[in-house]
Amino acid sequence: MEHRTLAGDGLPALIDELIKKGMRVIAPTQRNGDLAFGQVSSSAEAVLDYFLCKRSAKEIVFPRTEAILGFDRSGGEVKVEPPSMQFPETVVVGARPCDAASLPILDHIFTWDCDDELFTRRREATTVIGLTCTTADNFCFCTSVGLSPDNTAGSDILLTQLEDGQFFVEVVTDKGEKLAAELGELFREGGDESARQKAGEKARALVTRSVDVSKAKGWLDDHFDDEMWESWMTCLGCGACTFVCPTCHCFDIVDEVQGLSGHRCKNWDACTFWHFTVHASGHNPRDVQYKRYRQRILHKFRYYKDRFGVTLCTGCGRCSRHCPVGIDIAEVLETAAGSAAS
Amino acid sequence: MSKGLQDIARELLEKGEVQVVVGWGAVKADPDRTRPILVTDPDEVGELVWNPRCVNNLAVYLTKAKSDVQALGKAAIVAKGCDVKAITGLIQEMQFSRDDLVIIGVACKGVVSDGSLWQGELTEENRDLKCRFCDVRTPRTYDHLVGEEVPPVDAEDDWKDVRELEEKTPRERWDYWQEQFERCIRCYACRQACPFCYCTRCIADKTLPRWIESGQHPRANLAWNIIRAMHLAGRCVECGECERVCPVGIPLNLLNRELAKEVAVEYGYRAGYDSEAPPPFATYREEDDQSFIR
C-alpha cells in the first residue's frame, strides 16, 4: 500500500480532525490517575507519549460487561429486548502494535462456529491507528510471538515517528485506506522509507527478551502432567493476568436482575478463578491452583495455536508486570523450551 | 542478609523441622523485583533473598485458601514485622496455632512497593506508607531472627491520609470512591493477596443467590469493594497488599485504614498485635451498648 506522512502538528491534529468529522475517538487518556483507553473529546485529553496502558485495548470491542438482552416481567408476561447493534464509528488512535495485534487474534474465536455479533459489529465499526513503540521493558517479548514493536498486524494504519519527529504513515487495510481518503490533506503523499526502516530497527532493538515459543510449544504438546507446573503453585488465583491481557477472552453469561426486570450479561471471566470449572456436582477437574494456571498457558500456546494456527499472546508482558506474585510468562515459556532441549 | 536467612532455612529443612520454607526469591527478568518462592530442597535455599523489595506478605500461603501449599508439610515462613501482624491475626482467628509453623523473622527498615521509585536502596522518600510509622521493625514474635533488632520508628501513625479523606464532604467522598471503583476489573487480586480473605467460598463467588453481581459496572463494583472493606474492619493489619496488587491502582488501603481508624477510635483496638485479644467484631458481651438497636 501507499506510504504517506502525517502533516501539520502530527497526532493532535489527527485526533482533532477525526473528532471534527463526528467520529468517536478512543485514545490512551488519564482517568483518575490511571492511563486507560477511553473516549477523548479533544487531542488535549490524549496521552500518546506513553508505554502501555495498564488495561489492554480489547475492551473496546469486548467490554468488561455488556447486556446481550434485556428482560422485563413487570407486566405479567416476559418481555425480551434484544441489545442495540448500532455502534458508532470509532477510531482508536495510538494503540501499540501488541494491542492492535490482539484484535485479529480474537476474530478467530468470536467468529469460530457462529458470529458473536456484539463483537463483530463493534469490530466492523472500529478503525485502528497503531503507533510504533518507543520504549520497552524486560517483560516485553512480542518479537518471540511473530510480532514486533513496529508490526502492522491489527492496525488499519500504522504510524511510526521518525528521527526528525515526523510521523510515517503506512496504510495497511482497505478500512485504513477509506479513513485515509476521508482525512485527505492530513496525510501528505510520500514518506521517507529509509527513515522508517531505521525507526523500525531501533524499535525492534528495544525488545531484548527472546523466547523460542515453537520449541516451548513442542514441550507443552506432551507435558500436560509435569512437575514444572507445580512450581507455579504460588499463583494466588486472581484474574489480574487474564483481565489485563489483550487476548484472554473468556466470559460468563449471567442474569443481573433488579426486581422484575434485568439484563442477561456477558461478563469477563478467568480460567485462573477456582470456580471456573466447578461442575454442578461440586467436582472440580482443576482442583488446585497450578492446574488453573497451566490452563492459561496451554490455551495460549498450545490449544489456540492448534485450532486456529495463531498463538493467543502478543507478548505485551502485562500479565508478568501485574502478577501479584511475580510469575513471568516468558520465564514459564523459557522453562518449557529449556526442558524441550534437554 | 540473605546469607543468614539461607543458613537458617537450610538447617530447618535438613533437620526435617519443616518441609517447606515460604520465602522471597528474585524475579529473573527483573532482579530488582522479588516474588514468593516455596523451597523444599535444602540445596535450593540459595534462591532465598531478603531486601527492601521483598514486599509480598507471605502469610497468605498459610491460610486454608492455599491448601495445596499446606499439603507440602510443615512450613517455615520468612516474615517482616508487618507480615507477623497478619500471622498473629490468623492465630487469633484460630486458623492455625503458633506451634504449627516456624517464623523466620526479618529485621526490617522498610520496603519499597513502587518499583519506579526504587534506585537500588531504601530511602525516606521511597519507602511504603506503612513503613513511615512502623512499630514492628523487629517482629513481635519469631523463632529465628535475620539481622540485628531494629527499634521502632520514632513517629506514631498520624492517619494523615485518612484525615484528608474525612475532610471531604460526604458527596465528595462518594464521588471519589465512585471514580476509583469505576475502573475495578473485578480480578479479585485484592482478595487473593489478602491473608484475611481466606473464606473457602467468598460471597462474591456465590451464585445461589448471587449476592454481588459479577458485572464490572459501578453498582456491582461498589458492592464488591464496600463489602470487602467491611469484612476486614477490625481484622485488617494494613499490610497494603490489596493496594499494591491492584492492577488498576485503586487506593484500597485507604479504605481499609478509614475503617481501622474507626475501630481504633471506637474500640481502642489495632489488629495484629495480640493473638489473645478478643476480636472486636467477634466478641459478645452482655454489657455491650445496645441502644442503637431499635
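**Pockets, interface and local details**

Mentor: Let us begin with an open space. This is a predicted model, and its second largest pocket has a volume of about 770 Å³.

Trainee: Which residues are the closest to the centre of the second largest pocket?

Mentor: The lining has 22 residues, and those closest to the centre are S231(A), W232(A), L38(B), E44(B) and E47(B). The element that gives the most is β2(B), with five residues.

Trainee: How do the residues of that lining divide by class?

Mentor: Nine are nonpolar, five are polar and eight are charged.

Trainee: Which residues lie nearest the centre of the largest cavity?

Mentor: They are C235(A), C241(A), Y293(A), C323(A) and I327(A), out of 15 residues that line the cavity. In chain A, the elements that give two or more residues to this lining are α9 (240–244), α10 (289–308) and α11 (318–322). The classes in the lining are 12 nonpolar, two polar and one charged.

Trainee: Let us turn to the two chains. How many residues of chain A are in contact with chain B?

Mentor: There are 41 such residues in chain A, and they are in contact with 43 residues of chain B. The chains bury about 3400 Å² between them, and carbon and sulfur atoms give 53% of that area. On the side of chain A, R64(A), M233(A) and L236(A) supply 19% of the area buried against chain B, more than any other three residues.

Trainee: What is the count of salt bridges between chain A and chain B?

Mentor: A salt bridge pairs a side-chain nitrogen of Lys or Arg with a carboxyl oxygen of Asp or Glu within 4 Å. Between chain A and chain B the count is four. One pair that meets in this way is D34(A) with R183(B), at 3.7 Å from N to O. Polar contacts also cross the interface, where 20 residue pairs are found.

Trainee: Which elements of chain A give two or more residues to the side that touches chain B?

Mentor: They are α9, β11 (251–258), β12 (261–268) and α11 of chain A. Of the elements, β11(A) gives the most to this side, with four residues. By class, the side of chain A that touches chain B has 17 nonpolar, 13 polar and 11 charged residues.

Trainee: May we follow a single residue? Which residues does R321(A) touch, not counting those up to four places away in sequence?

Mentor: First locate the residue: R321(A) is in helix α11 of chain A. With those sequence neighbours left out, R321(A) touches F51(A), L52(A), D137(A), F139(A), C140(A) and C316(A), together with R33(B). The side chain of R321(A) is joined to that of D137(A) by a polar contact of 2.7 Å. Sequence distance and distance in space should be read separately: R321(A) and K54(A) are 267 residues apart in sequence, and their C-alpha atoms are 9.3 Å apart.

Trainee: How many salt bridges does the structure hold over all chains?

Mentor: It holds 50. Among them is the pair E17(A) and K20(A), at 3.8 Å from N to O. Both residues lie in helix α1 (residues 11–20) of chain A, three residues apart, which is about one turn of the helix.

Trainee: Finally, the backbone. Is the peptide bond from L208(B) to P209(B) cis or trans?

Mentor: That bond is cis, with omega near -5°. P209(B) is placed in the loop between α6 (189–193) and α7 (218–232) of chain B.

Trainee: And what is phi of M94(B)?

Mentor: Phi of M94(B) is near 60°, a positive value in a residue other than glycine. M94(B) is found in the loop between α3 (81–92) and β5 (101–106) of chain B.

Definitions and conventions. Residues are numbered from 1 along each chain as its sequence is written. Chains are lettered from A and ligands numbered from 1 in the order in which they are written. This is a predicted model: local features need pLDDT of at least 70, side-chain atom pairs count only at pLDDT 80 or more; totals for chains, interfaces and linings use all residues. Side-chain values use heavy atoms; hydrogens and water are left out. On a 1 Å grid over the protein atoms alone, a cavity is a set of points where a 1.4 Å probe fits but cannot get out, and a pocket is an open set with protein on both sides within 12 Å along at least five of seven lines; lining residues have an atom within 4 Å of a point. Ala, Val, Leu, Ile, Met, Phe, Trp, Tyr, Cys and Pro count as nonpolar, Asp, Glu, Lys and Arg as charged, and the others, Gly among them, as polar. Contact means heavy atoms within 4.5 Å. Buried area is the accessible area (1.4 Å probe) that two parts lose on being put together, summed over both. A polar contact is a pair of N or O atoms within 3.5 Å; within protein, one must be able to donate a hydrogen and the other to accept it, and residues adjacent in sequence count only if both atoms are side-chain atoms. Grid points are joined across faces, edges and corners, and a volume is the space filled by probe spheres set on the points.
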